[in-house]
Amino acid sequence: MRRSWSVSENGTVESPQWKPTVDAALDAMLAGPRPVDLMSAFALPVALQVIGDLLGVPQEGAEALHVLSRTVGSRASSREEATAALMALDDVFLRLVEDNLREPGDTLIGRVVTEQVATGKLSPPDAASLFHALYYAGHGPSAYMFGLGTLALLIHPEQLAKFRQMEDPAAITAAVQELLRFVNVSHLAR
């Protein structure tokens, strides 16, 4: 499904369709078996949906793309497995570029293809590589930040209590930004 989105004056991406995505994932998680795996039941599905919507990646194959991405990035993957997964991902994103050359969507892929690829400023394989990198970087770190942020609030119940009492949208935004500074997946690379 292709959806529109916009960037606000402060640089944040705004799209009202993600609230139902989050609500549906929370409802499914709460209705599922206990104990729940936050990452597989909530964080990963939401992150895949959001980056897929932004880029214009059909949701039907989102989980398969995640498996391919995980194979590429896993130390447990053999060189052959990682190479095959990388080639498969490149093929998927090249097809998306080609599809958007024929019929541009109101997505990041559609916009870049229209403005850069169709005008000859960027080749289709280079655009496919760009989108592959954005997809890879856009779903994993986002999902891990959901998990780490939740864990941080559970470890610090006094902060969770303060967060739950907030009603001012600006205060909530500031608290989320502080949480993003406090726990960051880039710390895991050290």
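Trainee: Which residues is Ala152 in contact with, leaving aside its neighbours within four places in sequence?

Mentor: This is a predicted model, in which local features need pLDDT of at least 70 and side-chain atom pairs count only at pLDDT 80 or more, while totals for chains, interfaces and linings use all residues. Residues are numbered from 1 along each chain as its sequence is written, and side-chain values use heavy atoms, with hydrogens and water left out. Contact means heavy atoms within 4.5 Å. With those neighbours set aside, the residues in contact with Ala152 are Leu179, Phe182 and Val183.

Trainee: Is Ala152 buried or exposed?

Mentor: A residue is buried under 20% relative accessible area, exposed over 50%, and partly exposed in between, using a 1.4 Å probe and protein chains only. Ala152 has 7% relative accessibility, so Ala152 counts as buried.

Trainee: In which helix does Ala152 have its place?

Mentor: Helices are DSSP runs of H or I with at least four residues, numbered from the N terminus. Residues 124–155 form the helix that holds Ala152, namely H6.

Trainee: At what angle do helix H5 and H6 pack?

Mentor: Axes are lines fitted to C-alpha atoms, for helices over the stretch in contact, and angles run from 0 to 180 degrees between N-to-C directions. The axes of H5 (residues 108–117) and H6 are 11 Å apart, and the angle is about 150 degrees. That makes the two helices, H5 and H6, roughly antiparallel, a word used for angles over 145 degrees, with under 35 being roughly parallel, 65 to 115 roughly perpendicular and the rest oblique.

Trainee: Which residues of H6 make the contact with H5?

Mentor: H5 contributes Leu108, Ile109, Val112, Val113 and Val117. From H6 come Pro124, Ala127, Phe131 and Leu134.

Trainee: How many aromatic pairs does the structure hold?

Mentor: Rings of Phe, Tyr and Trp (its six-membered ring) pair if their centres lie within 6.5 Å; planes under 30 degrees apart count as stacked, over 60 as edge-to-face and the rest as tilted. Phe42 and Phe146 have ring centres 5.6 Å apart and planes at 55 degrees, so their pair is tilted. Phe93 and Tyr135 also form a tilted pair, with 5.6 Å centre to centre and 50 degrees between the planes. The number of aromatic pairs is two.
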